[in-house]
Amino acid sequence: MNNINNIKVSVIVPIYNAGGRLRQCLDSILSQTLKEIEVICVLDCPTDGSDKVVEEYANKYSRIIVIKNQTNLHIGESRNVGISRAKGEYLIFSDHDDISLPAMYEDMYNVGILNNADMILGVPEYTYPNPADNETYFF
């Protein structure tokens, strides 16, 4: 059960066979400087134990809401399932292997409020094991 009264951001994370980066992803969401968030994890029938990791986190953090799809709906429909449960002023889609900088959600939220924006788009920065391969891509 979520005990946050004023949810500013709902983070929707569809999860299917997330592998080794799931914990980093969840840790980066939970360590955001913006605390008025809910984390909606949509389990899309994973077979690699990702569901166990999510349940472990949900037992530890009340801000995590777990939804279990009955069949594999893939990422788009899983996001829609998360949207149907979201209570935040803004939505953030995080893939299960995304790692967010600590102030990312607060910065984006503040830009949205300041500009009365309907949507704010974050720019991904990909980090690779070999630092020489690191680049920022603008879409």
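Let me start with the surface. In this predicted model, I83, L91 and F93 make a nonpolar surface patch of about 240 Å². I83 sits in helix α3, residues 74-85. How exposed is I83? The residue is partly exposed, at a relative accessible area of 35%. Patch members need over 30%, so I83 with its 35% can count.

Now to the inside. The largest nonpolar core has 25 residues, and the ones touching the most other members are V9, I15, I29 and V39. Two or more residues each are given by β1, α1, β2 (37-43), α2 (50-60), β4 and α4. Which element gives the largest share? That is α1, with five residues. Apart from this core lies another one, of five residues, including I40, V42, I65 and I67.

Take V9 as one example. Beyond its neighbours within four places in sequence, V9 is in contact with L34, E36, I37, E38, G88, E89, Y90, I92 and Y109.

Y109 brings us to helix α4, residues 104-114. Its buried residues are Y105, M108, Y109 and G112. Why are these four on the same side of α4? Because the arc they cover around the axis is only 100°. Among the elements that cover them are β1 (9-15), α1 (22-30) and β4 (90-93).

Last, the end of that helix. After α4 comes N116, and its phi is positive, near 50°.

Note on methods. Residues numbered from 1 in each chain as written. Predicted model: local features only at pLDDT ≥ 70, side-chain atom pairs only at ≥ 80, totals over all residues. Heavy atoms only, no water. Buried < 20%, exposed > 50% of the residue type's maximum accessible area, 1.4 Å probe, protein only. Arc of directions from axis to C-beta. Contact = heavy atoms within 4.5 Å. Patch = residues over 30% accessible without salt bridge, like charges linked within 9 Å, V, L, I, M, F, W, Y side chains within 5 Å. Areas by Shrake-Rupley, 256 points an atom, 1.4 Å probe, with all protein chains shown as cover. Salt bridge = Lys/Arg side-chain N within 4 Å of Asp/Glu carboxyl O. Core = buried A, V, L, I, M, F, W, Y, C linked by side-chain atoms within 4.5 Å.
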